[in-house]
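Please read the following account with the sequence and the coordinates open side by side.

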Amino acid sequence: MKKLKSGSRKTRLFLDSSVLFSAVWSMTGGSAKIISWAQEKKIEVVVSKNVVAEVEKNVGNKLDEIYWPRLENLLSFLEIDRTTTDRDEFEKAKEVIISKDAVILVDAKRCQVDVLVTLDKKDMLQPKVHKFMRPIKVMTPKEIIEMLEKQN
Amino acid sequence: MNYQQIIPVTEARPILGSLLDTLDSNNVIGLTKGGRVVGVVVSPNYLDMLQTNTKKVLAKTFIDETTRPYIREFSDEEIKEWLKEDALVS
């Protein structure tokens with residue numbers, strides 16, 4: 001497969017906690033496929049330290065110990081942005097979404113990605129969120145996979 | 001916690017000034033109420049050192065002090081929804 005590019009550069013994605021957690025849980029889902037593309041350097045995938053902290057907490061509480069090495073392995077293919085979330089941007093994001101998700105919107109914007117990938121259809125895939133995130137698109141793993149495969 | 005001194009709040013109240021004079025830069029005075037330590041007195045230098053060290057430790061982790069309150073536990077129901085949505089073959 002060729003590199004999956006947006007214009008003249010690789011497509012850059014931000015994964016929220018639902019996607020990273022699902023990739024840890026299931027090796028055959030869309031989330032894991034996206035990370036496998038990052039491993040093959042076809043796309044760039046970034047997560048923030050907030051995403052990693054949340055997924056670490058939930059892998060620890062919800063999954064067996066055998067999933068820890070898988071999380072570490074997946075993280076080795078991703079860029080981890082360690083910047084502290086900007087308080088002013090966070091307050092703006094809270095006007096369109098609840099606090100827990102406002103953090104993710106701010107982090108994705110800061111990382112200058114093309115797409116924020118999420119499985120949270122109820123809260124994240126809403127018109128007001130799409131509007132707030134422009135020009136960044138907000139999509140599910142399935143949607144981004146379809147889009148990138150079509151481009152290729 | 002190692003206390004330099006533990007003293008009931010009622011006894012500390014009238015001698016607070018002299019207690020502060022005896023406070024070493026690295027020590028903690030515990031204040032008790034009903035037999036339990038419910039508060040502490042530390043020097044500004046000691047508090048500053050604690051906060052600086054905490055920041056250094058947190059910088060080595062993925063924990064962000066600002067956003068830590070928003071790190072939550074996923075419900076079983078939402079995980080189920082995510083996995084369903086994530087499946088590439090239905």
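Two strands are taken to pair if DSSP finds at least two bridges between them, and the elements themselves are DSSP runs, numbered from the N terminus, with helices being H or I over at least four residues and strands being E over at least two. This is a predicted model, in which local features need pLDDT of at least 70 and side-chain atom pairs count only at pLDDT 80 or more, whereas totals for chains, interfaces and linings use all residues. Residues are numbered from 1 along each chain as its sequence is written, while chains are lettered from A and ligands numbered from 1 in the order in which they are written.

In β6(A), Phe14(A) has Leu116(A) as its bridge partner, and three bridges in total join β3 (residues 12-15) to β6 (residues 115-117), two strands of chain A that run parallel. Both strands belong to an open sheet of five strands in chain A, paired in parallel in the order β5-β4-β3-β6-β7. Its edges are formed by β5 (79-81) and β7 (137-139) of chain A, each of which pairs on one side only. On average, neighbouring strands of this sheet are turned by 30° against each other, direction ignored; axes here are lines fitted to C-alpha atoms, for helices over the stretch in contact, and angles run from 0 to 180 degrees between N-to-C directions.

Helix α2 (residues 30-39) of chain A packs on the sheet and touches β3, β4 (44-48) and β6 of chain A, its direction making about 115° with that of β4(A); contact between two residues requires that their C-beta atoms, placed from the backbone, lie within 7 Å. Helix α8 (residues 141-151) of chain A lies across β3, β6 and β7 of chain A and runs at about 135° to β6(A).

Which residues does Leu15(A) contact, leaving aside its neighbours within four places in sequence? They are Leu20(A), Val45(A), Val47(A), Val51(A) and Val117(A).

Trp25(A) lies in helix α1 of chain A and is buried, because 20 other C-beta atoms lie within 10 Å, and a residue counts as buried at 20 or more such atoms, exposed at 12 or fewer, and partly exposed in between. Not counting residues up to four places away in sequence, Trp25(A) touches Leu63(A) and Leu83(B).

The contact between the chains takes 31 residues from chain A and 17 residues from chain B. On the side of chain A that touches chain B, α3(A) gives the most, with 10 residues.
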